[in-house]
Amino acid sequence: MKINDLIGTYQIIGSNQNESEDSYKGMLTLSLDNEGRIVAKWIINKSQEQFGIGFFKNNILVINFNYIGEENTQYFGTVVYKCITKDILEGFWSEEYGNPAFLGEENCFRNEKEQLLN
């Protein structure tokens, strides 16, 4: 698999970095910058935007991300995806203020129609 194979839009479903069994849904868009790095943009639960820059090697995609949360606080984290195919990514993530006893999880499925999961 090559980095260009990953460019596109994915539906996502994930769980947060805590003991809750709550899940979230949304959309992930991957593109390339002028340096050939992955540029990621997530829209979580139709409202929260997150942004990241990453790299790809041996079918592993690593993205450092950030977003503005409650009380205008900026959060930083890292997500690691195992690229099962160009259409299916399985990942786990952690952010700096998350519960260190847990990892968040996120699965991505290529979205040809660019629609959010309902």
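View 1. Asn72 is exposed, with a relative accessible area of 65%; here exposed means over 50%, buried under 20% and partly exposed in between (1.4 Å probe, protein chains only). Asn72 sits in the loop between E5 and E6, where strands (E, at least two residues) and helices (H or I, at least four) are DSSP runs numbered from the N terminus. Its phi is near 60°, a positive value in a residue other than glycine. Before going on, note that this is a predicted model: local features need pLDDT of at least 70, side-chain atom pairs count only at pLDDT 80 or more, and totals for chains, interfaces and linings use all residues. Residues are numbered from 1 along each chain as its sequence is written, and side-chain values use heavy atoms, with hydrogens and water left out.

**View 2. Asn45, in the loop between strands E3 and E4.** Phi of Asn45 is near 50°, again a positive value in a residue other than glycine. With 47% relative accessibility, Asn45 counts as partly exposed.

View 3. Eight strands close into a barrel, in the order E1-E2-E3-E4-E5-E6-E7-E8, with antiparallel pairing; two strands pair if DSSP finds at least two bridges between them. From one strand to the next, the twist averages 30°, taken between axes that are lines fitted to C-alpha atoms (for helices over the stretch in contact), with angles from 0 to 180 degrees between N-to-C directions. Strand E4 (residues 48-57) and strand E5 (residues 60-68) run antiparallel and are joined by seven bridges. Look for Phe56, whose bridge partner in E5 is Leu61.

View 4. Searching the whole structure turns up four aromatic pairs. In Tyr67 and Tyr75 the ring centres are 5.2 Å apart and the planes at 20°, so this pair is stacked. As for cut-offs, rings of Phe, Tyr and Trp (its six-membered ring) pair if their centres lie within 6.5 Å; planes under 30 degrees apart count as stacked, over 60 as edge-to-face and the rest as tilted. Tyr67 is buried at 10% relative accessible area, and Tyr75 counts as buried at 18%. Tyr75 also pairs with Tyr97, edge-to-face, at 5.7 Å centre to centre and 85° between the planes. Because Tyr75 lies in strand E6 (residues 74-85) and Tyr97 in the loop between strand E7 (88-95) and strand E8 (104-110), the pair ties together parts that are 22 residues apart in sequence. Tyr97 itself counts as exposed, at 57% relative accessibility.

**View 5. Gln74, in strand E6.** Gln74 is partly exposed, with a relative accessible area of 36%. Leaving out residues up to four places away in sequence, Gln74 touches Asn66, Tyr67, Ile68, Glu96 and Tyr97; contact means heavy atoms within 4.5 Å. Its side chain makes a polar contact with the side chain of Asn66 (3.3 Å). That term covers a pair of N or O atoms within 3.5 Å; within protein, one must be able to donate a hydrogen and the other to accept it, and residues adjacent in sequence count only if both atoms are side-chain atoms.

**View 6. The largest nonpolar core, with 22 residues.** A nonpolar core is a set of buried Ala, Val, Leu, Ile, Met, Phe, Trp, Tyr and Cys residues joined through side-chain atoms within 4.5 Å. Leu28, Leu30, Trp42, Leu61, Ile63 and Tyr81 have the most contacts inside this one.
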